[in-house]
Amino acid sequence: MIAKQDEAYMAHALKLARNGIYTTDPNPHVGCVFVIDGHVIAEGWTQRAGFAHAEIDALQKTDNVKDATAYVTLEPCSHHGRTGPCCTALIEAGVRRVVVAMQDPNPLVSGQGLQQLRAAGIEVVCGVLQTEAELLNRGFFKRMQLGLPWITSKMACSLDGRTGMASGESKWITSPQARQDVQNFRAASSAILTGIGTILYDDPQLDARVDFDVLQPIKVVVDSQLRIPVNAKILHNSAETWIMTCSENVQKQKQLTDAGCKIWQVPSVNGRPDLFQVFQLLAKQQINTVWIEAGATLNGSLLETNLVDEWLIYMAPCILGDQGRGLFHLPKLQRMADKKQLSLLNVRQLGPDVRMLFGAHNKI
């Protein structure tokens with residue numbers, strides 16, 4: 001039975017879970033609160049992979065939780081992974097009641113943790129603030145349920161929809177406020193993906209430049225013919241770089257692996273890596289969320305395949321002219337009936353710029 005205070009304590013647990021959004025990959029972000037007689041006696045959140053889950057983190061901060069209510073934002077795990085099962089720890093600690101936001105879609109857990117708690121005589125309540133909990137871990141849940149990561153493509157453009165000058169010059173369209181916002185999104189992502197065109201044009205580093213603790217995202221380059229230079233900046237900083245390719249050029253592959261890259265052979269479609277296979281492969285490597293920073297060609301292909309969950313567009317109050325580079329390369333669009341429709345989800349001003357969040361209109 002849901003008590004009137006349950007939502008308030010779960011909201012606090014969800015807030016705690018957000019402490020791990022930059023560090024817990026590939027694990028979900030989870031928060032835990034122990035309450036006795038209306039008083040919070042301990043709280044915690046999931047640490048880096050291989051270290052304490054939220055329940056264990058909270059248990060380590062108190063000597064006694066006997067007869068407490070535990071508020072957890074995700075079903076306590078019931079299996080042995082890098083750490084022991086959290087449901088066993090809660091049973092042994094003597095908690096009286098466990099309130100969870102939602103069942104874990106991970107097939108290794110998927111209701112088993114709740115069953116074990118109930119079998120031990122513990123009262124279990126499930127479904128408190130479930131919508132908020134799903135939003136917090138949407139990448140992990142999508143990977144578990146569909147075998148794909150949550151995919152967001154970021155673009156920056158002028159008022160006339162240009163991402164750069166015809167010469168390729170593009171620094172800087174948007175303001176420092178918008179660019180720092182991008183860094184925070186990068187830091188919260190499991191991987192940052194781009195196309196070979198962006199590497200050749202801009203030579204980006206694609207790391208998360210922030211002033212807080214972060215698990216740097218994997219950098220992924222879609223490069224059908226292995227044109228990436230071995231001295232590209234993306235290859236020479238601390239984060240790991242993966243190349244998705246159709247090329248069987250053994251010599252270039254060796255040069256890139258010697259430079260620290262990991263090469264993935266992906267089935268091709270019209271001579272280019274099959275994007276569905278790319279994202280499926282990333283999910284199998286425990287990538288929960290993919291942040292895309294790419295050019296018009298790759299973004300055009302992504303729009304056609306309907307793989308992107310969200311499009312995040314930063315628009316600056318400037319004009320670059322009709323010879324500039326556009327957001328999407330979509331040569332097949334010739335009639336108004338063929339237009340691609342998106343749904344506006346959110347608008348926010350950042351300095352002089354506007355950030356617009358769009359979802360796919362007919363997302364499968």
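Partly exposed means a relative accessible area between the buried range, under 20%, and the exposed range, over 50%. The structure here is a predicted model. The exercises below work through some of its aromatic rings and one threonine.

**Exercise 1. Is F212 buried, exposed or partly exposed?**

Step 1. Take the value: F212 has 30% relative accessibility.
Step 2. Compare it with the cut-offs: buried is under 20% and exposed is over 50%.
Step 3. Conclude: F212 counts as partly exposed.

**Exercise 2. How many aromatic pairs does a search of the whole structure find, and what kind do Y22 and F212 form?**

Step 1. The search finds six aromatic pairs.
Step 2. For Y22 and F212, the ring centres lie 4.4 Å apart. The angle between the planes is 40°.
Step 3. Under 30 degrees would be stacked, and over 60 edge-to-face. The Y22 and F212 pair is therefore tilted.
Step 4. Now place the residues. Y22 is in the loop between α1 (6-17) and β1 (31-36). F212 is in the loop between α8 (196-202) and β9 (218-222). The pair therefore ties together parts that are 190 residues apart in sequence.

**Exercise 3. Which kind of aromatic pair do W311 and F328 form, and where do the two residues lie?**

Step 1. The centres are 5.3 Å apart, with 75° between the planes.
Step 2. An angle over 60 degrees counts as edge-to-face, and that is the class of the W311 and F328 pair.
Step 3. W311 belongs to strand β15 (residues 310-315). F328 sits in the loop between β16 (325-326) and β17 (342-350). So the pair ties together parts 17 residues apart in sequence.
Step 4. W311 is buried, at a relative accessible area of 1%. F328, at 26%, counts as partly exposed.

**Exercise 4. Which charged residues lie over the rings of W45 and Y201?**

Step 1. Over the face of W45 lies K61, 4.9 Å from the ring centre.
Step 2. Over the ring of Y201 sits the charged end of R325, 4.1 Å from the centre.

**Exercise 5. Where does T198 lie, and what does its side chain contact?**

Step 1. T198 is part of helix α8.
Step 2. Its relative accessibility is 13%, so T198 counts as buried.
Step 3. Leave out residues up to four places away in sequence, and T198 touches D203, P204, E293, A294 and G295.

Key:
Residues numbered from 1 in each chain as written. Predicted model: local features only at pLDDT ≥ 70, side-chain atom pairs only at ≥ 80, totals over all residues. Heavy atoms only, no water. Phe/Tyr/Trp six-rings, centres within 6.5 Å; stacked < 30°, edge-to-face > 60°. Helix = DSSP H or I, 4+ residues; strand = E, 2+ residues; numbered from the N terminus. Buried < 20%, exposed > 50% of the residue type's maximum accessible area, 1.4 Å probe, protein only. Lys NZ or Arg CZ within 6 Å of the ring centre and 35° of its normal. Contact = heavy atoms within 4.5 Å.
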